[in-house]
Amino acid sequence: MLFQILALFMWGSSFIAAKFSYAMLDPALMVQVRLLIAALVVLPTARRYLGRIPRAQWKPLLRLSFANYVLVLMLQFIGLKYTSAASAVTIIGLEPILMVFVGHFFFNDKAKWYHWVCGVLAFLGVAVMIAGGAEEGGEISLFGCLLVFLAGLVFALIMRPTQKLIADIGAPAYTSVSLLAAAVLCLPFTLLLTDSFAVDWSVSGTLAVLYLGVGCSWFAYWLWNKGMDRVPANVSGILISMEPVLGLLMAVVLLGETVSAVSAWGMVMILVSAFAVVALPRWLKT
């Protein structure tokens, strides 16, 4: 579980680093560069596992690699271009609830009554947050939040299949080979979605991209996938509730982002709902 907590700590800071990188290069191009850096890091390890993965596992591996890295990251970081880091990371707070409902509708893991109550409260919180907007110097966009939400939905949908594949081939093989494949699979979408290929080099932007590529892409995913060997999918979903709290604090402190009082209440509703999904099962058993 400690591995996944550390991974969430790094992911919580990824939106902050991305905002610094946007002054240097386009969001879609940043995702491609981030994946290329991660691919270079894992290349020696991936070469050891390429011939060991059974042929039957390659199709699910490539599908999950595309969904987990290319689709999720493109949706998240293009969405972040249009909205604030504070609102984007708050939307990430919906993932524990999304995990429950994906389990309910797709994996026969029935949701309890309190899941539905928390779900309604969380989505009301999203509506309040977007309707409240941001104060001067900030921005909360429906389109940007929608893209980040779709990324969370994809992540919730692939959690259990990813856990199964990792159990079959091992976390080191999955992490290294999937990151290598993602760097290749991402190329067509980078060409399609990048508005400008110009790079306005800066120290802060370069450090941000390196942190995203080495820390948030390779190391954080290595930690997360290693933890998935031992942590059930539902528990992993619960741990995700920690990510938005850290990210929200960093958005305020490091980026100086501000939100309106109405939007702040919406954010609180989302985070409280995510926490309740975690805590209520334990409280009700005591």
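Which helix gives the most to the lining of the largest cavity? H4 does, with four residues. This is a predicted model: local features need pLDDT of at least 70, side-chain atom pairs count only at pLDDT 80 or more, and totals for chains, interfaces and linings use all residues. Residues are numbered from 1 along each chain as its sequence is written, and side-chain values use heavy atoms, leaving out hydrogens and water.

**Cavities**

- The whole structure holds two cavities of 30 Å³ or more. A cavity is a set of points, on a 1 Å grid over the protein atoms alone, where a 1.4 Å probe fits but cannot get out.
- The largest cavity has about 140 Å³ of space. Volume is the space filled by probe spheres set on the points, which are joined across faces, edges and corners.
- Its lining is Trp11, Ser14, Phe15, Arg34, Val72, Leu73, Gln76, Phe77, Glu95, Phe155, Tyr221 and Glu243. Lining residues have an atom within 4 Å of a point.
- Helix H2 (14-21) and helix H4 (58-82) each supply at least two residues of this lining. Helices are DSSP runs (H or I, at least four residues), numbered from the N terminus.
- By class, the lining has seven nonpolar, two polar and three charged residues. Ala, Val, Leu, Ile, Met, Phe, Trp, Tyr, Cys and Pro count as nonpolar, Asp, Glu, Lys and Arg as charged, and the others, Gly among them, as polar.

**H6 with H8**

- The axes of H6 (residues 95-106) and H8 (residues 142-169) come within 9 Å and cross at roughly 50 degrees. Axes are lines fitted to C-alpha atoms, for helices over the stretch in contact, and angles run from 0 to 180 degrees between N-to-C directions.
- H6 and H8 are therefore oblique to each other. Angles under 35 degrees count as roughly parallel, over 145 as roughly antiparallel, 65 to 115 as roughly perpendicular and the rest as oblique.
- The H6 and H8 crossing is right-handed. A crossing is right-handed if the near helix is turned clockwise from the far one by less than a right angle, and left-handed if anticlockwise.
- On the H6 side, Glu95, Leu98, Met99, Val102, Gly103 and Phe106 make the contact. Their partners in H8 include Phe149, Phe155 and Arg160. Contact means heavy atoms within 4.5 Å.
- This contact has 10 nonpolar, two polar and two charged residues.

**H9 with H3**

- H3 (residues 27-49) and H9 (residues 171-185) have axes that come within 7 Å and cross at roughly 135 degrees. The pair is therefore oblique.
- The crossing of H3 and H9 is left-handed.
- Among the H3 residues that meet H9 are Gln32, Leu36 and Tyr49. The contact divides into 15 nonpolar, three polar and no charged residues.

**H9 with H4**

- H4 and H9 pack at about 70 degrees, with axes 8 Å apart. That makes H4 roughly perpendicular to H9.
- The crossing of H4 and H9 is right-handed.
- Trp58, Phe66 and Tyr69 are among the H4 residues in this contact, and H9 residues include Tyr174 and Leu185.
- By class, the contact of H4 with H9 has 13 nonpolar, four polar and no charged residues.

Notes: On a 1 Å grid over the protein atoms alone, a cavity is a set of points where a 1.4 Å probe fits but cannot get out, and a pocket is an open set with protein on both sides within 12 Å along at least five of seven lines; lining residues have an atom within 4 Å of a point.
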